Amino acid sequence: MTVGSHSVARPRTPHPDGRRLHLPSISPRLTYGLLGFVIILPLWELVVQLGLVKKVTLSAPSLIMGTAINDLLVTRELWPHLFQSSQQFVLGLGLALLTGVPLGLALGMFRRLNYFLDPWLSAIYATPTIALVPLIVLVLGLGLESKIFIVWLEAIFVVVVSTMAGVRAAEARYLDLARSFRASRWLTFRSVIVPSSFPYILTALRLGTTRALVGVVVAEFFAANKGIGFWINFSGTTLRTDRVYLGVIILGLLGMAMGEGVRRIEKRYEKWRPSIN
């Protein structure tokens with residue numbers, strides 16, 4: 001408070017060893033996210049326990065938690081399915097990044113190449129992956145190769161488009177400056193285009209993870225005998241609603257965790273993103 005022209009500062013709570021005490025700040029995003037669970041889960045449990053809906057259509061959170069403990073910790077039945085799905089996810093997403101990032105850079109730099117490949121990319125994006133699954137299985141079989149290809153097909157478009165947008169985001173003044181000093185195309189690519197594209201490549205990684213996760217489920221729904229997608233589909237046909245919800249929740253948590261991890265990496269390189277004046 002202020003007395004006359006003099007201000008009196010509030011005393012700070014000292015640390016026992018003499019250092020200042022810094023209280024950890026809580027993210028509002030985390031706070032409101034947890035608040036949503038605190039509100040929704042009891043209501044969900046109450047609706048099921050009161051019999052307002054049938055348990056065969058809407059399983060209770062308590063039943064889902066019991067199934068999670070049993071299938072993950074007691075019988076460990078779910079772990080082989082998770083391992084199979086994670087293998088397909090990592091290989092498919094890795095292949096999408098290895099092919100999509102260079103292709104996006106090339107399409108952004110060479111206009112004629114963009115004209116040549118753009119109809120094919122648009123056709124891939126417009127065609128539902130589910131419609132191509134029978135053809136992919138017919139060509140590649142039911143092995144791991146077909147699953148990886150489906151995941152790659154699901155993620156490749158967003159990787160290419162986001163990377164290409166990063167190339168086009170390179171500021172013209174920096175490109176003109178490189179040309180004025182007669183910089184080679186390789187030097188311009190390395191010193192101007194790559195730094196401009198890097199934040200967009202991270203965005204491609206974040207978007208690609210979610211699309212690759214969708215690709216894993218699509219592949220296992222129609223062409224697998226193991227995996228989290230197969231486990232969800234089989235549980236649905238046997239009316240094990242608790243397992244269906246558990247599989248969906250696991251997929252959602254994995255997507256949230258991977259998206260948050262990439263988002264944190266994006267924040268570290270946010271200063272690389274070109275500003276638009």
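A: The mean pLDDT of the chain is 79, and 81% of the residues reach at least 70; pLDDT is the predictor's confidence in each residue, from 0 to 100. This is a predicted model, in which local features need pLDDT of at least 70, side-chain atom pairs count only at pLDDT 80 or more, and totals for chains, interfaces and linings use all residues. Residues are numbered from 1 along each chain as its sequence is written, and side-chain values use heavy atoms, with hydrogens and water left out.

The largest nonpolar core holds 38 residues, among which L78, I228 and L246 touch the most other members. Such a core is a set of buried Ala, Val, Leu, Ile, Met, Phe, Trp, Tyr and Cys residues joined through side-chain atoms within 4.5 Å; buried means under 20% relative accessible area, exposed over 50%, partly exposed in between (1.4 Å probe, protein chains only). Helices supplying at least two residues each include α1 (28–49), α3, α8 (185–222) and α10 (241–268). Helix α6 gives the most, nine residues. Helices (H or I, at least four residues) and strands (E, at least two) are DSSP runs, numbered from the N terminus.

A second, separate core of nine residues includes V158, V167, F189 and I201.

Not counting residues up to four places away in sequence, L78 touches D71, L72, I228, W231, L246 and I250, where contact means heavy atoms within 4.5 Å.

Helix α3 (residues 79–109) also contains Q88, which counts as buried because its relative accessibility is 0%. Beyond its neighbours within four places in sequence, Q88 is in contact with L144, K147, V151, V216 and E220.
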